[in-house]
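Thanks for coming. I will talk through one structure, and I will define the terms as they come up.

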Amino acid sequence: MPGLPVRAGYHPHMSGTVGLVLVSHSPDLAAGLRELLRQVAGDAVAVTVAGGDDDGGLGTSYELIRDAIAEAGSGEGVVVLPDLGSSVLTAKALLADHPDPRVRLVDAPFVEGAVAAAVIAATGADLDTVSVAAEEAWHARKL
Amino acid sequence: MPESSETTVVLPAHLHARPAGQVVVTAAKFTSTVEIVYGAKTANARGVLALLALGATAGETVTVRATGDDAPQAVSAVATALQTTE
């Protein structure tokens, strides 16, 4: 991963899987979801978070999203999952400023979409397949 | 000629998030289509959310069914994943 800031020990089995970026207003919500994804999908998938504003409060941060995308980046691509509202708008603005065909903002329910995407990513699926898995989560009934 | 294979598994634990994830990852190693059947519900083993929505609990019996060239191997591997508790 030349040129990308990879935090030591962050994704120990960094390999040919699509990465996920969780964008949330809440640092705790993003971190909690990442913890859940690790349990469901294992450590093979790089999941990074952009939670809260620049000061750690509730909100969104252009810079945190940008950094999280760089950290999650593998040659296979990155799926960006925002929770709602300004998370969506900020991620959208960032990707409009820095278009990259391997980085995709996906319209999906936050928890279900992330779980579906992470598990499919763990199978080694490509960016299209992971994106579709997240979007299909709209149709998953709980009961 | 694709073949079909199936077996039943008595779940040692609820089919909750982690084992459901394991089922998806295991099934993806095979070319066969794998389904888990619980009562009247059927879930494709590609979809973790569908597997979770089965609501299959510990002690219940599910059927693992596969269709494809490597169906017996797929059924065996997925059944093993379902029987593994961590």
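Predicted model: local features only at pLDDT ≥ 70, side-chain atom pairs only at ≥ 80, totals over all residues.

Residues are numbered from 1 along each chain as its sequence is written, chains are lettered from A and ligands numbered from 1 in the order in which they are written, and side-chain values use heavy atoms, with hydrogens and water left out.

Chain A, then. It has five helices and four strands; here helices (H or I, at least four residues) and strands (E, at least two) are DSSP runs, numbered from the N terminus. Read from the N terminus, the order of elements is β-α-β-α-β-α-β-α-α. Chain A has 143 residues, and 48% of them count as buried. Buried means under 20% relative accessible area, exposed means over 50%, and partly exposed is in between, with a 1.4 Å probe and protein chains only. A contact means heavy atoms within 4.5 Å. Of the contacts in chain A between residues at least 6 apart in sequence, 78% join residues at least 24 apart.

Now the sheet of chain A. Its four strands form an open sheet in the order β2-β1-β3-β4, with parallel pairing. Two strands pair if DSSP finds at least two bridges between them. At the edges are β2 and β4 (103–105) of chain A, each with a single partner strand, so one side of each has no neighbour in the sheet. From one strand to the next, the twist averages 20°. For angles, axes are lines fitted to C-alpha atoms, for helices over the stretch in contact, and angles run from 0 to 180 degrees between N-to-C directions. Inside the sheet, β1(A) and β3(A) run parallel and are joined by five bridges. There, G19(A) stands opposite V78(A) of β3(A).

Two helices that lie across these strands come next. Helix α3 (residues 86–97) of chain A lies across β1, β3 and β4 of chain A, at about 145° to β4(A). Helix α4(A) lies across β1 and β3 of chain A, at about 170° to β1(A).

How much of α4(A) is buried? Eleven of its 13 residues are, so α4(A) is largely enclosed by the rest of the structure. Among them are F110(A), G113(A), V115(A) and I120(A). The cover over the buried residues of α4(A) includes β1, α1, β3 (78–82) and α5 (127–136) of chain A, together with α1 and α2 of chain B. Just after α4(A), G124(A) has a positive phi of about 90°.

Next is helix α1(A). The expected span of a helix is 1.5 Å times one less than its number of residues. For the 15 residues of α1(A), residues 27–41, that gives 21 Å, and the end C-alpha atoms are 21 Å apart, which agrees.

Which residues of α1(A) are buried? They are A30(A), L33(A), R34(A), L37(A), V40(A) and A41(A). Seen down the helix axis, the buried residues of α1(A) fall within an arc of 125°, so they line one face; the arc is that of the directions from the helix axis to the C-beta atoms. An α-helix has 3.6 residues a turn, so residues three or four places apart point the same way. On the other side of α1(A), D28(A) and E35(A) are exposed. Part of the cover over the buried residues of α1(A) comes from chain B, including α1 (17–27) and α2 (48–53) of that chain.

Both ends of α1(A) have a detail. At the N-terminal end, S26(A) is the cap, with a side-chain oxygen 3.2 Å from the backbone nitrogen of D28(A). Just after the helix, G42(A) takes a positive phi of about 80°.

Finally, chain B. It also has an open sheet of four strands, in the order β1-β4-β2-β3, with antiparallel pairing. The edge strands are β1 (3–10) and β3 (41–44) of chain B, and each pairs on one side only. Four bridges join β2(B), residues 33–38, to β3(B), and T42(B) in β3(B) is the bridge partner of V37(B). Helix α3 (residues 71–83) of chain B packs on this sheet, touching β1, β2 and β4 (61–68) of chain B, with its direction at about 15° to that of β1(B). T80(B) is found in that helix, and it is partly exposed, with a relative accessible area of 44%.

Definitions and conventions:
Polar contact = N/O pair within 3.5 Å; in protein donor to acceptor, adjacent residues only side chain to side chain.
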